[in-house]
Amino acid sequence: MNCTAGLRRQLIVAQKHALTSIHRGQPILVPQALHRFNRHFVRTILTQPKVFPTVGFETVPADEPIEEEKLPNYKAERYYPVLIGQVLQDRYQITGKLGFGGGSTVWACRDLKQDTALIIKICATGETGEKDARQEVAISDHIKSIDAPHHPGKELLRIALKNFEIEGPNGNHQCLLFAPLGRTLTEFRKLFPGNALDSNVLRQTLLCIIMGLDFLHQVGVVHTDLSPNNILAGLGPRDSGVFGQIEELELATPSPRKVLPDRSIYLSYQLPITHGAPVITDYGAARLGEPGEKHSGDVMPGVYRAPEIIMGADWDSKIDMWSLGVMVWDLFEGGRLFRAISADRLDDQLHLAEMVSLLGPPPRKFLEMHEKSRKYWDSEGNGIASTPIPDQSLESRETKLEGKEKQLFLAFVRKVLCWLPEDRTSADGLYNDEFLNGYIRHEGHVAAERAALDKRDAV
């Protein structure tokens, strides 16, 4: 659906953030004005590759695990031995390390032909890494093929700009290029008191995520892995020098690293706070089909699993709406809504007991649909599992809000956390939610504060 005038107005009300210096330690917060998301980020740089120092860096002891070495089941031979300063495809020069995961490492680079800063994801070898990379490219190509100039959600999705393959000492590695973005919401929320966003920042963030989801679902994409780890802050007008600073810092004071016979493992840079709208990323586990199509298979991260996933049933885009509701708790309450872990393992019985405590017992239709439900409830819907129902409710768990605002917040959560997928409100049905649009009442105050901050910065 097209964005309404009201939503357009909301999109330009920027979040109140802070700017930090790029560094490899804790952020140094410096208040800055409110900014509007600018998707036309371009960094002009030299076309000739630079020579990065090969001496003068801090050396990490060889027996001290760092970065990706700390991951469970880490195998060095699966990772491409990247060197800062090297040029891939005779075009993309690596300028600094940004992060790592179980299936890839992520680097800042610059395109020597286009004079632009980019992010490159270099995937590990193995069937899973290659499959995820292919799916990321397939979903990106599908999104790019959709002509939707009037839907703002398309611009709130990160897509792979290009992909290619490089040969490593132990196999080939898929490489994906992306436009530069900032921190994950997981990192971003930790800058707020209590490791949680305030209500106005939460509203603006959710509106952007909902617009991105609406576009994905309308074009037949189910993300399946929506969480704060896969949503990144965008770049605003004042963020154009961020990746240039990484390059300059690396040239002046090279990153600490562990030097091994077959590779160097670098410490990652910590990005500063940026001022653009949040962007949904990572489609390696996404599914593509017709809008509303049912899919099968075990998806979703453990504590984010929707009831139908636990039951082993088919699922559709409504699992993303469940993820949205669970993610709200991570972002706003500063902790998990569901524990779902017992003896260091996922515990379906505990997970379902927690759902009952917060949502009430499942409806009879849910029980009749899923044969697996007989393990936990009898034919009358009475629990027969050994795990007791926790003594809690959404009202008791929510401690930050009061009065009407608390009622509206919990009403929003209950629109998406429902036992039956068909009862969950779709993304396009949330645009006019009263909680999400509540900060319009304060728009005059926000505008006045923004003007005051801009005036101060101009002095």
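**Strands and helices, step by step**

Q: Which residue of strand 6 does Ser104 stand opposite?
A: Ser104 faces Cys123 in strand 6. Heads up: this is a predicted model, where local features need pLDDT of at least 70, side-chain atom pairs count only at pLDDT 80 or more, and totals for chains, interfaces and linings use all residues. Residues are numbered from 1 along each chain as its sequence is written, and side-chain values use heavy atoms, leaving out hydrogens and water.

Q: In what sense do strand 5 and strand 6 pair?
A: Strands (E, at least two residues) and helices (H or I, at least four) are DSSP runs numbered from the N terminus, and two strands pair if DSSP finds at least two bridges between them. Here, strand 5 and strand 6 (residues 116-123) run antiparallel over eight bridges. Their hairpin has four residues between the strands, and Asp115 in that turn has a positive phi of about 55 degrees.

Q: And what about strand 4 and strand 5?
A: Strand 4 (residues 92-101) also pairs with strand 5 in the antiparallel sense, over eight bridges. That hairpin leaves two residues between the strands, and Gly101 sits opposite Ser104.

Q: Why is strand 5 largely enclosed?
A: Buried means under 20% relative accessible area (exposed is over 50%, partly exposed in between; 1.4 Å probe, protein chains only). Seven of the eight residues of strand 5 (residues 104-111) are buried, so the rest of the structure largely encloses it.

Q: At what angle do helix 7 and helix 11 pack?
A: Axes are lines fitted to C-alpha atoms over the stretch in contact, with angles from 0 to 180 degrees between N-to-C directions. Helix 7 (residues 318-333) and helix 11 (residues 403-416) pack at about 145 degrees, axes 7 Å apart. Contact (heavy atoms within 4.5 Å) involves residues including Trp322 and Trp329 of helix 7 and Phe409 and Phe412 of helix 11.
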